[in-house]
Amino acid sequence: MEAGGAVDMAALRAELRAALEADEKHERENSAKLRAVRQRLASYREFRDIVLASHLRPLEKKDKMGNKRNVLWNPCAGHTRDQQATEVEITQELEQLPRTSAEFYRDWRRCFQSGKEKYQLLLKLEGKALSRIFQAELGFGLLGEFLTVLAENVCHEDRDAVLQILHSLSGTKRFGLNLDLLSTSEKESTRDLFRKLQSMSGGYCSPGHPCGEVEGEAHPTNTSLQEEAEERRVMELMRCYQVS
């Protein structure tokens, strides 16, 4: 609502559009899941591929090679640009973080191509924003992608932020189901992520207190207690993510 009490119609339209896009995506993926179940596929990977490709449209006769194509058969794909324009677009997206699940799906699939870019997006959003974006449901396949990206890019200075992200994701709806549907490689990435987090537990450092800095004689005890608390935090998350 604006300062004078009037309704912000532009914001309302944007919110409605995002909600409609999210509903359409949810319905489309559910239909793809049902089709995949009826086909009695041989592996989970085939099931996953069908769901992830649910946005694709089949080519029609008018879309023959050599003719001008008027139908965008892959609506999630953007127009081809040169490398410089792509980098500018990614920078702009980072400055305008997604606020809804529909915006996140769009940016995650289309604008952020490398694992490092996706990792930076997760860090910039932080755990609280991710909880708000996915308060209705975490989209199919995203949990595995998140865990893989985190495992490949986590570093010591991001440890606390990554733990917050993991904690927030564990509170999303259908988390248990998404966990059960992780592929073998995604489960291995999850184990690798927690191995890295555990290896970073020694010499834990918090903002304003660099690792190895000693300020007086009371700090060794405080640091020890802090490390124990962080270790318990990691162990609780490991149980939540079924990592033994």
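Are Trp-108 and Phe-146 buried or exposed? Both Trp-108 and Phe-146 are buried, where buried means under 20% relative accessible area, exposed means over 50%, and partly exposed lies in between, with a 1.4 Å probe and protein chains only.

A word on the ground rules before we go on. This is a predicted model, so local features need pLDDT of at least 70 and side-chain atom pairs count only at pLDDT 80 or more, while totals for chains, interfaces and linings use all residues. Residues are numbered from 1 along each chain as its sequence is written, and side-chain values use heavy atoms, with hydrogens and water left out.

**Aromatic rings**

Rings of Phe, Tyr and Trp (its six-membered ring) pair if their centres lie within 6.5 Å; planes under 30 degrees apart are stacked, over 60 edge-to-face, and the rest tilted. Eight aromatic pairs are found by this rule.

| Pair | Centre to centre | Angle between planes | Class |
|---|---|---|---|
| Trp-108 and Phe-146 | 5.0 Å | 80° | edge-to-face |
| Phe-134 and Phe-146 | 6.2 Å | 55° | tilted |

Trp-108 in helix α4 and Phe-146 in helix α6 are 38 residues apart, so to speak a link between distant parts of the chain. Phe-134, in the loop between α5 and α6, is twelve residues from Phe-146, and this pair also links distant parts of the chain. Helices here are DSSP runs (H or I, at least four residues), numbered from the N terminus. Phe-134 has 1% relative accessibility and counts as buried, and Phe-146, at 0%, counts as buried too. One aromatic cluster takes in Phe-104, Tyr-105, Trp-108, Phe-134 and Phe-146.

**Nonpolar cores**

A nonpolar core is a set of buried Ala, Val, Leu, Ile, Met, Phe, Trp, Tyr and Cys residues joined through side-chain atoms within 4.5 Å. The largest one has 40 residues, and Phe-104, Leu-166 and Tyr-241 have the most contacts inside it. Elements giving two or more residues to this core include α4 (101-111), α7 (159-170) and α10 (219-240). Helix α5 gives the most, with eight residues.

Tyr-241 touches, among others, Leu-143, Leu-166, Phe-175 and Phe-194, leaving aside residues up to four places away in sequence; contact means heavy atoms within 4.5 Å. Another core, of five residues, lies apart from the largest one, and Ala-32, Ala-36, Phe-47 and Phe-140 are among its members.

**Helix α7**

Buried residues of α7 include Val-162, Leu-163, Ile-165, Leu-166 and Leu-169.
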